[in-house]
Amino acid sequence: MTPGGVPSLASDIQILGARRNSTLLCVPIMADSVDQMLSLIRTAKEVGADLVEIRLDYLKNFSPRQDLQLLVKQSALPTLFTHRPTWEGGQYDGDERKRLDALRLAIELGADYIDVELQVAPEFINSVRGKTSGKVKIIVSSHNYQKTPSSEELGNLMARIQAAGADIVKISTTALDITDCARIFQLLARSQVPTIGISMGERGLISRILSAKFGSYLTFASLEAGVVSAPGQPTVRDLLDLYNFRQIGPDTKVHGVIGKPISHSKSPHLYNAAFKSVGFNGIYLPLLVDNVKNFLTTYSSPDFVGYSCTIPHKEDALRCCDEVDPIAQAIGAVNCMIRRATDGKLIGYNNDHLGAIAAIEEGLQASNVTTSVNSPLDGKLLVVIGAGGAGKALAYGGKEKGARVVVANRTLGKAKELASKVGGEAITLAELENFHPEDGMILANTTSVGMKPNIDDTPLSKKALSHYSLVFDAVYTPKLTRLLREAQESGAIIVYGTEMFINQAFVQYEKFTGLPAPKELIREVLVRNT
């Protein structure tokens with residue numbers, strides 16, 4: 001039984017396989033015809049869903065008794081019927097009495113769950129009281145497509161939904177910032193009745209995944225990417241295979257990559273697969289963060305334990321750390337933060353330079369473009385594009401290896417600031433186009449230029465690339481960027497951003513878990529996903 005006495009389908013499912021939560025995985029079914037819906041329901045069962053939400057408002061030529069009988073009788077999974085009106089974000093714009101009559105009929109015919117909007121719930125529940133079997137559970141829902149209200153407002157909303165007679169409370173809001181999800185987590189954690197809590201939109205993705213940690217009655221996931229009933233829904237396969245949804249429990253430790261944008265990141269694929277391979281009780285999430293300080297202040301509990309940092313937050317993240325590793329301090333940016341278990345303090349690290357410099361050195365050694373007995377970079381002219389966190393790491397790493405560093409940046413001021421720290425030279429991106437004091441230079445792009453979806457962009461023309469013997473691009477989606485492709489065509493050795501990415505992933509995995517990194521597994525997963 002779940003809190004409040006509502007039987008949970010998940011209580012039976014747990015017997016069938018090891019899972020750390022009772023949160024049900026529900027797939028919305030949206031189609032023009034009953035036949036299409038039944039086909040989609042079969043697919044939902046095959047991919048691992050627990051139940052389906054049948055969206056009656058999507059049916060064309062809806063014949064209530066005939067269609068509902070078929071859907072209830074032939075559904076391969078337990079059914080939740082929703083007939084959402086346009087005034088609550090749905091498709092139905094017809095007679096309100098007919099809409100509610102269809103839901104009453106679904107109850108009569110054996111539906112497992114009915115979703116009814118708070119605005120009409122009291123009257124609807126009164127009309128079916130005493131006329132339902134003990135089987136059906138009524139979800140009373142509220143959707144806010146503008147924002148996530150305050151904690152006080154959410155508490156009052158929950159009280160109103162309970163007072164309406166709900167068996168299960170559903171509150172769906174819109175996350176304007178990732179910190180909005182925290183109020184949904186608080187709502188779920190404090191709830192004494194079965195509750196569904198969701199924040200919609202890309203910034204609300206973590207609410208759909210961590211619903212299992214905080215005890216949501218169910219979460220929604222789509223059959224295929226982009227075909228969603230509400231913004232921000234992940235796919236069933238992503239929830240089960242990428243995020244190991246069944247293995248998330250109340251004590252699961254939360255990790256993630258902080259960035260903006262972040263949907264392109266392959267980090268969740270690597271870390272979640274690695275965690276699963278050793279049975280580590282952790283989850284790794286893409287975290288679309290607008291303000292690092294606000295994020296870290298909001299999610300300060302001991303269960304939020306470790307983060308990777310990417311563009312554009314590496315410098316802001318350093319300022320938010322309680323302690324910073326000397327190398328990260330010298331670079332002026334962090335790419336990893338760990339919450340120390342003993343006192344909850346955030347410790348910042350930077351191993352970007354290790355991954356990138358090692359990859360560049362390997363590229364030079366493999367092609368014999370070096371005569372130095374020290375690092376292959378010793379004495380080389382290293383041009384670093386970008387003066388942000390990754391640029392600082394590359395410039396610092398290059399200096400440590402004996403390279404002569406030139407920093408090229410859109411704004412000359414930032415380039416000069418970084419160049420002065422590494423005893424280098426500063427130029428603008430415009431000047432870089434005609435910058436060739438010598439041949440055989442090394443180029444390292446540390447900006448996001450050329451990253452998906454802007455794959456036709458490049459920070460430097462093909463003509464200018466002829467003066468470089470090796471070109472490295474920190475962008476790894478796509479793996480072969482336009483910059484690298486044109487550098488290769490110009491005769492330069494190319495070094496993929498995946499090499500920097502994977503080298504620092506090994507180090508971060510060990511910091512997150514305290515365990516040796518499963519290097520072969522991580523490499524295999526990256527190859528499959530780039």
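**Notebook: charged and aromatic pairs**

I looked up R84 and found that it forms a salt bridge with E117, with the closest N and O atoms 2.7 Å apart. R84 lies in the loop between β3 (79–82) and α4 (96–109) and E117 in strand β4 (residues 113–117), so this pair ties together parts that are 33 residues apart in sequence. Both R84 and E117 are buried. I note that the model is predicted.

I then took the pair D101 and R97, whose side chains meet in a salt bridge at 3.6 Å, N to O. They are four residues apart in helix α4, which puts about one helical turn between them. D101 is partly exposed at 33% relative accessible area, while R97 counts as exposed at 52%.

Next I checked E438 and R404, which meet in a salt bridge of 3.0 Å, N to O. E438 is in the loop between α18 (429–432) and β18 (441–445) and R404 in strand β16 (residues 404–409), 34 residues apart. I also followed shared partners: salt bridges join R84, E96, R99, D115 and E117 into one network. The structure holds 25 salt bridges.

I turned to the rings and counted 13 aromatic pairs. The rings of Y476 and F501 have centres 4.3 Å apart and planes at 15°, so I list the pair as stacked. Y476 is buried at 11% relative accessibility, and F501 is buried at 5%. I noted one aromatic cluster formed by F185, F214, F295, Y299, F304 and Y307.

Last, I looked at charges over rings. The charged end of K479 sits over the ring of Y496, 4.7 Å from its centre. The charged end of K511 sits over the ring of Y349, 3.8 Å from its centre.

Note on methods: Residues are numbered from 1 along each chain as its sequence is written. This is a predicted model: local features need pLDDT of at least 70, side-chain atom pairs count only at pLDDT 80 or more; totals for chains, interfaces and linings use all residues. Side-chain values use heavy atoms; hydrogens and water are left out. Rings of Phe, Tyr and Trp (its six-membered ring) pair if their centres lie within 6.5 Å; planes under 30 degrees apart count as stacked, over 60 as edge-to-face and the rest as tilted. Buried means under 20% relative accessible area, exposed over 50%, partly exposed in between (1.4 Å probe, protein chains only). A charge sits over a ring if NZ of Lys or CZ of Arg is within 6 Å of the ring centre and within 35 degrees of the ring normal. A salt bridge is a side-chain nitrogen of Lys or Arg within 4 Å of a carboxyl oxygen of Asp or Glu. Helices (H or I, at least four residues) and strands (E, at least two) are DSSP runs, numbered from the N terminus.
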